[in-house]
Amino acid sequence: MVRPSKLYLVCYNSLQALGWSIALLRLVACLAHPLSVHSAYAVAGDLICFLQTCAILETVHAAIGLVPTTPLLAFLQWGGRTHFVLAIVRQIPEVQISPSVFITFMAWSISEVIRYSQYALTTLKVCPSWLTYLRYTAFIMLYPIGVGPGESKLRSVDYVSSSTVCEEEEPLLRFLQEVLHKLPFISSGCAGVLYVPVAEAVHACVQATQVEAGKGEQEETSLRKLSRLSSAQL
């Protein structure tokens with residue numbers, strides 16, 4: 001009798017393999033007219049976002065001992081991809097049409113179809129040796145492509161940098177951009193990832209400061225008016 005945990009892992013990996021196969025077919029269709037590589041997110045973005053979000057379960061699998069993986073490593077792998085696709089690509093339309101998004105999604109889809117298929121068949125102990133070989137050899141080529149979509153991340157930096165910002169933000173954002181790109185231990189892609197959320201935080205903080213400053217000015221003006229009225233009455 002198949003254990004429930006084993007059956008669950010087979011179902012989970014099979015559904016993920018099916019989902020990524022559908023995403024791969026949609027991406028391949030972008031190579032034919034009338035679609036183009038610029039429409040990769042439009043045709044497969046929502047599905048990939050859903051599949052990648054569901055992959056948080058792999059951290060849970062590691063944490064409860066269903067798979068022999070370190071929970072922290074599983075979470076870091078999930079977090080890197082999820083941040084890229086949800087916090088950057090999904091939020092910035094200008095980045096969605098970048099050809100590098102198509103390249104990244106293709107690399108993810110191919111690697112995940114292979115990986116989840118191999119996991120499901122290994123759980124059933126019927127995985128052919130060629131699939132296991134493909135799982136670890138294709139990884140060598142696909143991994144750098146999947147983790148290094150530097151162009152789209154840098155485009156997100158350019159987008160945030162070129163957007164309209166108030167005078168208080170500009171010096172700080174320029175300094176932030178220079179620091180992130182010049183630190184020796186931060187790659188250009190990572191700089192893009194870090195810059196976007198921090199820039200948004202800077203913008204929010206400046207706006208909040210301006211609101212508080214506006215309230216202070218209004219209160220000061222009101223006090224002056226009251227003082228003038230009191231003086232006039234006296």
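Reply: A salt bridge is a side-chain nitrogen of Lys or Arg within 4 Å of a carboxyl oxygen of Asp or Glu. Side chains of opposite charge can pair when their charged atoms come close. The model is predicted, so local features need pLDDT of at least 70 and side-chain atom pairs count only at pLDDT 80 or more, while totals for chains, interfaces and linings use all residues. Residues are numbered from 1 along each chain as its sequence is written, and side-chain values use heavy atoms, with hydrogens and water left out.

A search of the whole structure finds 4 salt bridges. Glu58, Arg81, Glu112 and Arg115 are linked by such bridges in a network.

Arginine 81 and glutamate 112 meet through their side chains at 2.8 Å, N to O. Arginine 81 belongs to helix H4 (residues 71–89) and glutamate 112 to helix H6, so this pair ties together parts that are 31 residues apart in sequence. Helices here are DSSP runs of H or I with at least four residues, numbered from the N terminus.

Glutamate 112 also forms a salt bridge with arginine 115, where the closest N and O atoms are 2.7 Å apart. Both of these residues lie in helix H6, 3 residues apart, which is about one turn of the helix.

Arginine 115 forms a salt bridge with glutamate 58 as well, and the closest N and O atoms of that pair are 3.6 Å apart. Glutamate 58 is in helix H3 and arginine 115 in helix H6 (residues 99–123), so the pair ties together parts that are 57 residues apart in sequence.

Buried means under 20% relative accessible area, exposed over 50%, and partly exposed in between, with a 1.4 Å probe and protein chains only.

Threonine 59 has its place in helix H3 (residues 57–63) and counts as buried at 13% relative accessibility. Leaving aside neighbours within four places in sequence, threonine 59 is in contact with Pro71, Ala74 and Phe75, contact meaning heavy atoms within 4.5 Å.

Leucine 57 is also placed in helix H3, but leucine 57 is partly exposed, with a relative accessible area of 34%. Together with Tyr8, Val60 and Ile64, Leu57 forms a nonpolar patch on the surface, with about 340 Å² of accessible area together. Patches are made of residues with over 30% relative accessible area and no salt bridge; like charges are joined within 9 Å, and nonpolar side chains (Val, Leu, Ile, Met, Phe, Trp, Tyr) within 5 Å. The accessible areas come from the Shrake-Rupley method with a 1.4 Å probe, and for residues only the protein chains shown count as cover.

Technical notes
Helices (H or I, at least four residues) and strands (E, at least two) are DSSP runs, numbered from the N terminus.
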